[in-house]
Amino acid sequence: MSALIKAAGVSKKFGNTIAVDDVSFEVAPGRIIGLIGPNGAGKTTLLKAVLGLTSYEGDISVCGLDPFRNRRELMHTVSYVADVSVLPRWIRVDQLLDYVETLHPNFNRSAAETSLSRTKVTLKDKVKALSKGMVAQLHLSIIMAIDAKILILDEPTLGLDILFRKAFYTELLNDYFDDERTIIITTHQVEEIENILTDVMFIDDGKIVLNETIESIGDRYTELMVGPDQAERARGFAPLTERQVFGKSVLTFEGVARAELQELGEVRTPGLADLFVAKLSKEVA
Amino acid sequence: MLARMKILVQRELWEHKALYVAPAVMAGLVVFGFVVSFVWSLIQGVPFEAAVAAMEIGGQQINLAGSAALIGVSSGTLNLVLAIVVFFYAIDALYAERKDKSILFWRSLPVTDTETVLSKLLTAVIAAPLITVAIALVTQVVLMVLFTLALLVGGGNPIDLLWKQVPFGELALLAVYSFMTASLWFAPFIGYFLFCSSFAKRSALIWVFLPVTVVVMLEGIVGQSWNVLRVIGERFPSHSLAAYSAPSGLEFKEEDFEQFVMGADISLLDVMAPVQFLTSAGLWVGFVITGVFLAGAVYFRRLRA
């Protein structure tokens with residue numbers, strides 16, 4: 001199938017600051033992509049450009065639409081959570097459902113109500129009477145009841161407890177995700193989403209520094225743990241980074257055959273968080 | 001399309017309850033005032049019979065004067081309340097959603113910025129006055145019932161003395177007409193308030209008054225003239241000139257009012273001049289200005305999200 005999102009040469013400047021710097025990428029259907037980067041890396045700006053919420057230079061096509069010009073049409077097939085604490089505080093839950101039901105042709109009200117019935121949120125509650133977690137549940141229940149091709153979640157679980165976060169990602173994977181849909185998630189808690197991602201993109205300083213499928217990461221990157229005796233030999237393979245754990249050296253390699261490293265010590269695929277640190281500290285150096 | 005606009009306006013009313021609560025409370029106060037004075041008169045032993053006798057003699061004049069007072073008290077008071085709540089609504093309408101960040105949610109739904117801004121204008125210019133005039137009409141009915149009670153206490157016949165005398169249908173139509181024409185006439189002001197609320201970083205209140213004050217003062221100091229102030233000022237009395245006619249001609253003169261009160265055979269409907277109003281240049285110039293401000297508001301909403 002053809003790409004859902006195509007971005008070519010996308011840049012966004014705020015005055016002299018370059019938030020997104022000549023970024024190009026494509027996103028296929030049926031993927032779960034983690035967009036990972038430090039604060040101020042340009043993640044949110046890039047997502048905003050994809051969602052038609054900001055002007056930009058370059059070309060973006062989302063489901064064949066120009067997001068900035070056709071935002072309303074785009075929102076039929078793309079749904080997003082920019083921040084989970086943005087629901088208006090004065091509205092009642094049933095009013096909110098009436099509103100979305102009337103304005104969104106792909107919203108399935110009964111699905112939202114079923115999902116809400118599993119929470120403590122009732123239809124007559126006002127948003128301001130709900131706890132932070134309940135507001136997030138409400139928002140996510142609405143968003144997940146929208147039959148969208150692309151779902152974009154920008155820090156969807158920020159400030160929520162671990163039980164909620166686990167339950168949310170499980171529901172996302174089991175009830176929402178399918179071959180037709182693509183989900184893009186940004187989060188600081190990389191470890192929590194690592195096991196549900198199919199693809200990962202690292203962004204730093206407005207540039208994409210890594211864009212891989214999870215399978216290819218295992219082929220391309222290797223983490224090696226060696227004792228002090230083998231450390232010098234290991235360094236000969238030009239690691240991206242090296243750190244010390246319990247008197248042993250942990251080195252991350254890119255494009256070095258696993259078989260060669262296996263002779264030196266313990267070999268495994270690096271976790272995303274470690275890979276992220278490795279890729280970015282290399283950038284700094 | 002209609003269903004979409006309906007829910008968008010509904011949304012505004014959910015958020016800004018003052019648009020109907022404030023006129024309802026004011027109407028309640030007016031009714032309450034009449035009830036208190038009625039009860040007080042009963043306690044004090046005011047001779048209702050004498051008043052009724054005077055009405056029977058005075059006939060139509062007194063009754064028509066009474067009905068004029070009825071419009072004055074309910075419509076006039078509520079018009080003032082409406083102007084105040086609509087003003088505060090309009091300067092808040094596009095600002096509050098940025099302040100509480102809910103704009104991020106609203107814009108995640110398939111609703112264009114134009115639709116949203118338009119729904120806010122319709123709320124201020126159509127929905128709010130319609131609600132207020134409905135409240136005014138209910139208030140008038142309640143007041144009529146109170147007068148009926150007073151007449152019954154005085155031993156008069158309320159059908160002859162009140163209900164046959166007061167042209168209630170005409171009064172109601174005139175009330176709707178006056179509320180709606182005034183509202184359309186002042187649409188450019190609402191457009192300007194919405195525009196201010198679309199870009200204001202803090203309260204839009206200062207943006208509403210500051211530029212106008214500066215422009216007026218600059219013109220006064222540099223040009224030694226007051227054209228801006230005059231144009232704004234002229235908008236106010238000229239509404240009645242465009243929307244109403246008087247039996248003696250286009251100018252509404254004092255003797256017309258006297259004739260009216262003195263019970264000359266004039267239908268209240270003759271006062272209304274809808275064709276003259278809808279074809280007046282002032283109205284259409286106002287619409288164009290409103291359109292320009294709305295376009296500005298759409299532009300800022302799109303960029304300032």
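Me: Before we get to the sheet, what makes two strands "pair" here?
Reply: Two strands pair if DSSP finds at least two bridges between them. Keep in mind that this is a predicted model.

Me: OK, so in what order do the strands of the open sheet in chain A run?
Reply: The order is E5-E6-E7-E3-E8-E9, 6 strands with mixed pairing.

Me: Which are the edge strands?
Reply: Strand E5 (78-81) and strand E9 (207-213) of chain A, each pairing on one side only. On average, neighbouring strands of the sheet are turned by 15° against each other, direction ignored.

Me: And E3 with E7 in chain A, how many bridges join them?
Reply: There are 4 bridges between E3 (residues 32-36) and E7 (residues 182-186) of chain A, and the two strands run parallel. Gly34(A) is opposite Ile185(A) in E7(A).

Me: Switching to packing. Which residues touch the most other members of the largest nonpolar core?
Reply: Val62(A), Val78(A), Leu138(A), Ile152(A), Met201(A) and Phe202(A), out of 85 residues in that core. Helix H5 (residues 132-144) of chain A gives the largest share, 7 residues.

Me: What does Ile152(A) touch?
Reply: Leaving out residues up to four places away in sequence, Ile152(A) touches Leu47(A), Leu51(A), Val78(A), Tyr80(A) and Ile184(A).

Me: New topic: where's Val46(B)?
Reply: Val46(B) sits in the chain B loop between helix H2 (18-44) and helix H3 (48-58).

Me: Why does Val46(B) count as partly exposed?
Reply: Because Val46(B) has 16 other C-beta atoms within 10 Å, and a buried residue needs 20 or more, an exposed one 12 or fewer.

Definitions and conventions. Residues are numbered from 1 along each chain as its sequence is written. Chains are lettered from A and ligands numbered from 1 in the order in which they are written. This is a predicted model: local features need pLDDT of at least 70, side-chain atom pairs count only at pLDDT 80 or more; totals for chains, interfaces and linings use all residues. A nonpolar core is a set of buried Ala, Val, Leu, Ile, Met, Phe, Trp, Tyr and Cys residues joined through C-beta atoms within 7 Å. Two residues are in contact if their C-beta atoms, placed from the backbone, lie within 7 Å. Axes are lines fitted to C-alpha atoms, for helices over the stretch in contact, and angles run from 0 to 180 degrees between N-to-C directions.
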